[in-house]
Amino acid sequence: MVKAMQRSLAAAAVLGALGATLYAPGAATAAGKADPMIAGGKYLVTIAGCNDCHTPGYAESEGKTPEKDWLTGDILGWRGPWGTTYPVNLRLYMQRMTEAQWVKAAHALKARPPMPAVNVRAMKDQDLKAIYRYIKHLGPAGNEAPIYLPPDKTPNPPFVQFPRLPK
Ligand code: HEC
């Protein structure tokens, strides 16, 4: 446990060093005072696929969306037997809670498909904190995503229609 934490701290430190040269935004970063967990959070967000749904056009552009637009939510609806869901704007979402509140909420996260809530619930506190710090570091941006529609409501385009799976 301690070993694993040391390892992830070391990884975060390495990422932090990389991040300091990669990040233009944030004077604190330029001054070399960056929290190494911020770069670790960027790494986690990237490999966990959060951008694929929460960043407009990210998957189609093969990740070329400018970082300033990451995680701003999407108007692309996901429609299935659960209704129509929209990837929330995480840049605004994180503004509404403290780090401790996020860690608690994330371990009990409930969300409709195709949000992989189970993946977020399984994350370690350290990883959740890193994700929070990264998103907070990016700051608020964009608009709130459209609100959820129940199954009997037809959404406006664009939306992805899931097929009804054979039982
Ligand atoms: C396959 C698409 C997809 C991926 C990948 C995805 N999300 Fe989501 N996410 C959604 C959708 C759609 C919703 C809205 C769900 C709803 O309305 O119930 C959502 C909702 C959320 C919420 C709000 C839950 C709440 O409190 O209502 C959080 C937080 C979140 N996602 C975080 C993440 C993080 C962190 C990642 C990366 C690990 C991620 N998401 C990856 C689609 C996705």
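Two strands pair if DSSP finds at least two bridges between them. Helices (H or I, at least four residues) and strands (E, at least two) are DSSP runs, numbered from the N terminus.

This is a predicted model: local features need pLDDT of at least 70, side-chain atom pairs count only at pLDDT 80 or more, and totals for chains, interfaces and linings use all residues. Residues are numbered from 1 along each chain as its sequence is written.

The protein chain holds eight helices and three strands. Along the sequence the pattern is α-α-α-α-β-β-α-α-α-α-β.

The three strands form an open sheet with mixed pairing, in the order 2-1-3. Strand 2 (83–85) and strand 3 (159–161) are at the edges with a single partner strand each, so one side of each has no neighbour in the sheet. Strand 1 (residues 77–80) runs parallel to strand 3, and three bridges join them. Here Arg-79 stands opposite Gln-161 in strand 3.

Confidence is given as pLDDT, the predictor's confidence in each residue, from 0 to 100. The chain has a mean pLDDT of 87, and 81% of its residues reach 70 or more. Two stretches stay under 50. Contacts there are counted between residues whose C-beta atoms, placed from the backbone, lie within 7 Å.

| Stretch | pLDDT | Contacts beyond four places in sequence |
|---|---|---|
| residues 1–5 | under 50 | one contact |
| residues 9–29 | under 50 | 26 contacts |

Among contacts in the protein chain with a separation of 6 or more, 61% join residues 24 or more positions apart.
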